[in-house]
Amino acid sequence: MIYLLVVIFIIVLVMPFLSEFVEKNLEMFLFVMGLSAALASGVLNSGLFVKAAQEPVKITLAVFIAGLLFKWFQANLERSILSVSRIMPFRLFAALTVIFLGLISSVITAIIAALVLVLIVSALRLDRSSEIRLTVLACFSIGLGAALTPIGEPLSTIAISKMKEDFFFLMELVGPQITIALLFFGIMAALAVKPPVSGKASFTKKPASENYEEIFVRALKIYFFVMGLTMLGAGFEPLINHFLIGLNPLLLYWINMISAVLDNATLAAAEISPSMDHFTVQSILLGLLISGGMLIPGNIPNIIAAGKLQITSKEWAVFGVPFGLVTMIGYFVLILVTGN
């Protein structure tokens with residue numbers, strides 16, 4: 001059984017890179033892999049299936065409702081962005097944008113926060129380097145901030161489900177560390193992003209408004225994505241117990257740098273176990289969340305923002321990788337100082 005689960009785990013890791021079809025249909029691929037893992041480990045029963053069907057409901061509704069609100073109020077949001085950016089010093093505006101998007105992403109979801117980011121960046125008319133830096137820093141912020149509640153992103157939904165904890169568990173577990181990170185990202189945006197040289201902000205090319213079908217399909221994909229991850233996590237439980245339980249949390253922190261190239265919710269489903277202590281789960285989550293911003297495939301907001309703003313993988317990595325490494329080292333020291 002363990003060997004079969006190892007094979008499934010390797011397939012989950014490598015197929016999105018080897019197959020363009022899998023990459024474009026990642027949600028259904030992970031749903032099938034989740035079923036396979038649950039069958040292979042012998043845990044697939046009516047109880048697990050009902051749990052997997054119920055688990056995605058909250059985040060799916062949040063994504064759908066937030067998508068509708070974004071569509072209905074996009075024009076008002078555009079006007080507000082332009083007004084605020086014109087009356088506020090740019091460096092302060094950049095810092096507050098990064099911090100605010102990180103905080104609000106736990107309520108409006110990481111996906112909608114990424115769409116708001118695209119609107120803001122499109123309006124500012126920055127030079128290319130500054131545009132990339134602001135986008136990367138904001139996506140780091142969104143990726144961490146969305147983890148504060150189970151409706152923010154799939155990773156937080158899965159983590160709370162695996163640990164069998166309540167709505168505020170992650171806010172208590174990693175809230176202080178995430179808050180510090182958001183402030184740090186905001187300060188870096190103020191320092192690293194140059195003010196636009198072209199004058200006042202304006203939409204020279206507005207991002208296209210989504211239609212109702214796109215909003216519905218995206219919410220449906222999130223549903224199957226989280227459902228698949230729930231079964232994947234349950235199926236990989238024997239693998240976790242065999243390989244990961246008992247490993248030093250500090251080692252797990254660095255192992256999770258692979259989140260830079262793999263969606264961190266997938267890794268959370270595979271790694272987190274209710275038998276782990278809170279310090280270990282904290283180390284796993286911080287490693288996943290921070291490194292998830294380093295490259296485009298690491299997180300959903302990265303994929304959305306890079307796609308709509310036409311940022312290449314190389315452009316993202318030039319800033320995202322060294323910045324992510326510095327942040328990883330900083331938090332490693334913080335864990336050493338404050339940890340058990």
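**Exercise 1.** State how much space lies in the second largest cavity of this model, and which residues line it.

*Solution.* About 50 Å³ of space lies in the second largest cavity. The model is a predicted one, in which local features need pLDDT of at least 70, side-chain atom pairs count only at pLDDT 80 or more, and totals for chains, interfaces and linings use all residues. Residues are numbered from 1 along each chain as its sequence is written, and side-chain values use heavy atoms, with hydrogens and water left out.

A cavity is a set of points, on a 1 Å grid over the protein atoms alone, where a 1.4 Å probe fits but cannot get out; lining residues have an atom within 4 Å of a point. Points are joined across faces, edges and corners, and a volume is the space filled by probe spheres set on them. By this rule there are 2 cavities of 30 Å³ or more.

The lining of the second largest cavity includes Ile59, Val63, Ile151, Glu153 and Ile300. Helix H5 (57-72) and helix H8 (110-124) each supply at least two of its residues; helices are DSSP runs (H or I, at least four residues) numbered from the N terminus.

**Exercise 2.** Describe the second largest pocket by volume and lining.

*Solution.* A pocket is an open set with protein on both sides within 12 Å along at least five of seven lines. The second largest pocket has a volume of about 510 Å³. Of its 22 lining residues, Leu77, Phe100, Leu101, Ile104 and Val116 are the closest to its centre. H5, helix H6 (74-87), helix H7 (90-108) and H8 each give two or more residues, and H7 gives the most, with 9.

Notes
Ala, Val, Leu, Ile, Met, Phe, Trp, Tyr, Cys and Pro count as nonpolar, Asp, Glu, Lys and Arg as charged, and the others, Gly among them, as polar.
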